[in-house]
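Here are some notes for a colleague who is opening this model for the first time. They go through the salt bridges, the interface and the spaces in turn.

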Amino acid sequence: MMHHTTKAIIKRELKSYFTTPLGYVFTVIFLFAIGYVTFEPGRGSFFVMRQADLSSFFRYIPWLFIFLIPSTAMRLWAEERKSGTIEFLLTLPVTVPQAVLGKFIAAWIFIALALLGTMPIVFTVAYLGKPDYGVIFLGYFASLLLAGSFLAVGTFFSAITKNQVVSFILSVVFCYIFLMAGSPPILETLSTLFPKYMVSLFEELSILNHFESMGRGVVRLSDLWFFGAMIVGWVYASMSLLDYKKAN
Amino acid sequence: MIEVSNLSKNFGNIKAVDDVSFNVNIGEVLGFLGPNGAGKSTTMKIITCFLKPSDGDVKVAGHSIHEDPISVKRKIGYMPENAPLYEDMTVVEFLQFVCEMRNIDLERRPSSIDGVITKCHLENVKNQSIETLSKGFKRRVSMAQALIHDPEVLILDEPTDGLDPNQKHDVRALIKELSNSKCIILSTHILEEVEAVCTRAIIISSGKKLFDGTPSELSEKSADRKVDDVFRAITTSLDVEGVTL
């Protein structure tokens, strides 16, 4: 089903997350930050709300992902270009799509593993009350789709340059635009410039709206389509870009 | 084995390779000579399907780089310039990865890996991570990955660049040993290397092929048999004393 070269790349990449400090740094920062913001002592905090759910957890997921995922994605291709290994890799009997897919899937699996590390938070909620497991499951599923979308954007900007910092900044900016596309200030500004159908089209591009609607425990076909299109679109764009511009 | 026909590659307005044609057969060791930026590496990158040519075609064992790049890549072992490697892996892990990418049979993998480790003298460092190795060892790892599937075609971009005299000697000995059964193209700046290992030499400059012949034909052009002088005369089109082109 999956090509042997894609499998070999997934295996190599996953291993490299744990033989270099990157994997550990990412996991520790992510778990510490998400643990803190979920149970933060402020208004709207978990203990003040007295509800056995993970709404505070999922509220912060996009804001952590917006920095953490571009920091994982930035090296994917920029590093290969910088060190010249891209020439070694792409002169092996592999096609560009197989290689892009391998690296993308490996990074996605890695983030899924980091998400799995937040299970103790679920156990805490389960111990304190009777949460709706369906909503929690859907929240995790939506988080995974969100991670995939950001990762696809990050892959594209990693393929564009050999400078990892440039790749990081561009990915964060584009992820932010997609995340905030539906926010009132942006929509109001747009409505003074464009006709109404353009504005509502832009609103549909908002990652946050799609993410939150799934987080409420509702699966709309349009949300699934949206995340699917984001991931496929950006990954496909990365493949075309790399095929067109392999060398510097 | 390798048929290069009317190959051209433009980067913007710069013609990196300009209408170059040549053939190489099994048993031949072709030395690619030329000043820096002459188009040697670009030509090699096109043959190995890393870059697409602007015009022309290359056939390796009958497979065209346009129609069937995967079959071309299977036939070739390639050592890129500066030997780029995944430095976080150990030598054995790296070679294992290349075996997986090249789909070498599971039973044959241990013997393939051991074979190239012995051939490239990597026994003592095989479990070390690549980033801790010296330049010479990194070159040998890159050579090992190029040889692991016993390819009929070997393409080596400056294989001895930056090596000490002993290491250069080892690499040349290895190339000679392999040359009977393979078709080898290597690029180099070191003219004595051409006389030592190559059966044929091609000089390119500014993307154009300027000489194609045996190393002795090259040195015969100089009254004192100084290949350096001939090289200068050909690539700069200046009059060099004692050289008749």
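1. A salt bridge here is a side-chain nitrogen of Lys or Arg within 4 Å of a carboxyl oxygen of Asp or Glu. Arg12(A) and Asp88(B) form one such bridge, with their closest N and O atoms 3.8 Å apart. This pair crosses between chains: Arg12(A) sits in helix H1 of chain A, while Asp88(B) belongs to the loop between strand E6 (76-79) and H3 of chain B. Please keep in mind that the model is predicted.

2. Over all chains, the count of salt bridges comes to 18. Across the interface of chain B and chain A the rule finds 4. Besides the pair described above, Glu87(A) forms a salt bridge with Lys45(B), and there the closest N and O atoms are 3.8 Å apart. Polar contacts between chain B and chain A number 7 residue pairs, counting those with both residues at pLDDT 80 or more.

3. Which parts of chain B face chain A? Helix H2 (69-75) and helix H3 (91-101) of chain B each supply at least two residues of the side that touches chain A. The largest share of that side, 6 residues, comes from H3(B). By class, the residues on the side of chain B that touches chain A divide into 14 nonpolar, 3 polar and 8 charged.

4. On the extent of the interface, 25 residues of chain B are in contact with 27 residues of chain A. The size of an interface is often given as the accessible area lost when the parts come together. Chain B and chain A bury about 2,500 Å² between them, and 64% of this is on carbon and sulfur atoms. Of the area that chain B buries against chain A, 31% is supplied by Phe50(B), Tyr86(B) and Met101(B), more than by any other three residues.

5. A search of the whole structure finds 2 cavities of 30 Å³ or more. The second largest cavity holds about 40 Å³ of space. Its lining consists of Arg12(A), Lys15(A), Ser16(A), Thr19(A), Asp88(B), Met89(B) and Glu93(B). Both residues of the salt bridge in point 1, Arg12(A) and Asp88(B), are therefore found in this lining, since the list of lining residues includes Arg12(A) and Asp88(B).

6. Which element gives the largest share of the lining of the second largest cavity? Helix H1 (residues 4-19) of chain A does, with 4 residues. The lining residues of this cavity divide into 1 nonpolar, 2 polar and 4 charged.

7. The largest pocket contains about 390 Å³ of space. It is lined by 22 residues, and those nearest its centre are Arg75(A), Glu79(A), Ser83(A), Tyr86(B) and Asp88(B). H1 and helix H5 (75-83) of chain A are the elements that give two or more residues to the lining of the largest pocket. The largest share, 5 residues, comes from H5(A). By class, the pocket lining has 7 nonpolar, 7 polar and 8 charged residues.

Methods. Residues are numbered from 1 along each chain as its sequence is written. Chains are lettered from A and ligands numbered from 1 in the order in which they are written. This is a predicted model: local features need pLDDT of at least 70, side-chain atom pairs count only at pLDDT 80 or more; totals for chains, interfaces and linings use all residues. Side-chain values use heavy atoms; hydrogens and water are left out. Contact means heavy atoms within 4.5 Å. Buried area is the accessible area (1.4 Å probe) that two parts lose on being put together, summed over both. A polar contact is a pair of N or O atoms within 3.5 Å; within protein, one must be able to donate a hydrogen and the other to accept it, and residues adjacent in sequence count only if both atoms are side-chain atoms. Ala, Val, Leu, Ile, Met, Phe, Trp, Tyr, Cys and Pro count as nonpolar, Asp, Glu, Lys and Arg as charged, and the others, Gly among them, as polar. On a 1 Å grid over the protein atoms alone, a cavity is a set of points where a 1.4 Å probe fits but cannot get out, and a pocket is an open set with protein on both sides within 12 Å along at least five of seven lines; lining residues have an atom within 4 Å of a point. Grid points are joined across faces, edges and corners, and a volume is the space filled by probe spheres set on the points.
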